[in-house]
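Me: Could you take a close look at one part of this protein for me, the sheet and whatever ties into it? Go slowly and give me the cut-offs as they come up.

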Amino acid sequence: MVPTRCHPFMEEQVTHTDAAARNLATTEALYAATATGNWPLAETMLCEDLVITEAETLPFAGTYTGKGALRDLYAKVLGTSLGQATIAVKNKMAAGNNVVYLLELVPPTGDPLELVEVFHFADDGRVSLIKPYYYNSAAVTAAVAAARG
């Protein structure tokens with residue numbers, strides 16, 4: 001079961017199609033805000049009890065919670081662990097309360113790391129859950145080791 005703990009504060013009903021378009025636009029804005037380090041703006045798009053789950057096979061495994069979780073994880077993955085890696089968006093799609101991004105995480109050296117990020121939205125249009133899925137966790141571990149020298 002996917003958590004949707006944020007309480008809706010919208011007065012009008014949002015249709016399935018409208019929700020998908022709204023959520024895709026929010027995710028695009030979230031990526032833009034995080035790319036420029038605008039964390040106050042990014043956190044307006046996140047639920048207070050946001051949950052991000054990284055697989056146990058990754059060097060940054062675990063469950064991260066709260067509005068500050070994305071900032072902390074971003075710094076850990078793209079800064080410390082992978083030595084200033086960047087994100088390349090390959091595709092994106094939305095349906096209802098879910099948005100999916102196909103990405104490449106590009107470390108300064110080595111091959112890009114393919115992943116999918118799944119975002120789940122609460123009824124109020126804020127992100128309540130993020131689940132990254134890396135295609136090759138061994139390659140991620142090797143890239144982290146290379147970045148640490």
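Reply: Here is a walk through the sheet, its cover and its side-chain links.

First, the ground rules. This is a predicted model, where local features need pLDDT of at least 70, side-chain atom pairs count only at pLDDT 80 or more, and totals for chains, interfaces and linings use all residues. Residues are numbered from 1 along each chain as its sequence is written, and side-chain values use heavy atoms, with hydrogens and water left out.

The protein chain has four helices and six strands (DSSP runs numbered from the N terminus: helices are H or I with at least four residues, strands are E with at least two). From the N terminus they come in the order α-α-β-β-α-β-β-β-β-α. Of the 149 residues, 41% are buried (buried means under 20% relative accessible area, exposed over 50%, partly exposed in between, with a 1.4 Å probe and protein chains only).

Now the sheet. It is an open one of six strands, ordered S2-S1-S6-S5-S4-S3, with mixed pairing (two strands pair if DSSP finds at least two bridges between them). The edges are S2 (62-65) and S3 (86-95), each of which pairs on one side only. Neighbouring strands are turned by 20° against each other on average, direction ignored (axes are lines fitted to C-alpha atoms, for helices over the stretch in contact, and angles run from 0 to 180 degrees between N-to-C directions). Helix H3 (residues 69-81) packs on this sheet and touches S1 (46-54), S2, S3, S4 and S6 (127-134), its direction making about 35° with that of S1; contact here means heavy atoms within 4.5 Å.

Two of the strand pairs are worth a zoom. S4 (residues 98-106) and S5 (residues 113-121) run antiparallel and are joined by eight bridges; Val 99 has Phe 119 as its bridge partner in S5. S1 and S2 are antiparallel too, with four bridges, and Thr 53 stands opposite Thr 63 of S2. On S2, Gly 62 and Tyr 64 make up the covered face, while Thr 63 and Thr 65 make up the uncovered one.

Next, the salt bridges: the structure holds five (a side-chain nitrogen of Lys or Arg within 4 Å of a carboxyl oxygen of Asp or Glu). One of them joins Glu 28 and Lys 92, with the closest N and O atoms 3.1 Å apart. That pair links distant parts of the chain, since Glu 28 is in helix H1 (residues 16-35) and Lys 92 in strand S3, 64 residues apart. Glu 28 is partly exposed at 34% relative accessibility, and Lys 92 is partly exposed at 35%.

Another runs from Glu 48 to Lys 67, with 3.5 Å between the closest N and O atoms. Here Glu 48 sits in strand S1 and Lys 67 in the loop between S2 and H3, 19 residues apart. Glu 48 counts as exposed at 55% relative accessibility, whereas Lys 67 is partly exposed at 21%.

Last stop, the loop between S5 and S6, where you'll find Arg 126. Arg 126 counts as buried because its relative accessibility is 17%. Its side chain makes a polar contact of 2.8 Å with that of Asp 124 (a pair of N or O atoms within 3.5 Å; within protein, one must be able to donate a hydrogen and the other to accept it, and residues adjacent in sequence count only if both atoms are side-chain atoms).
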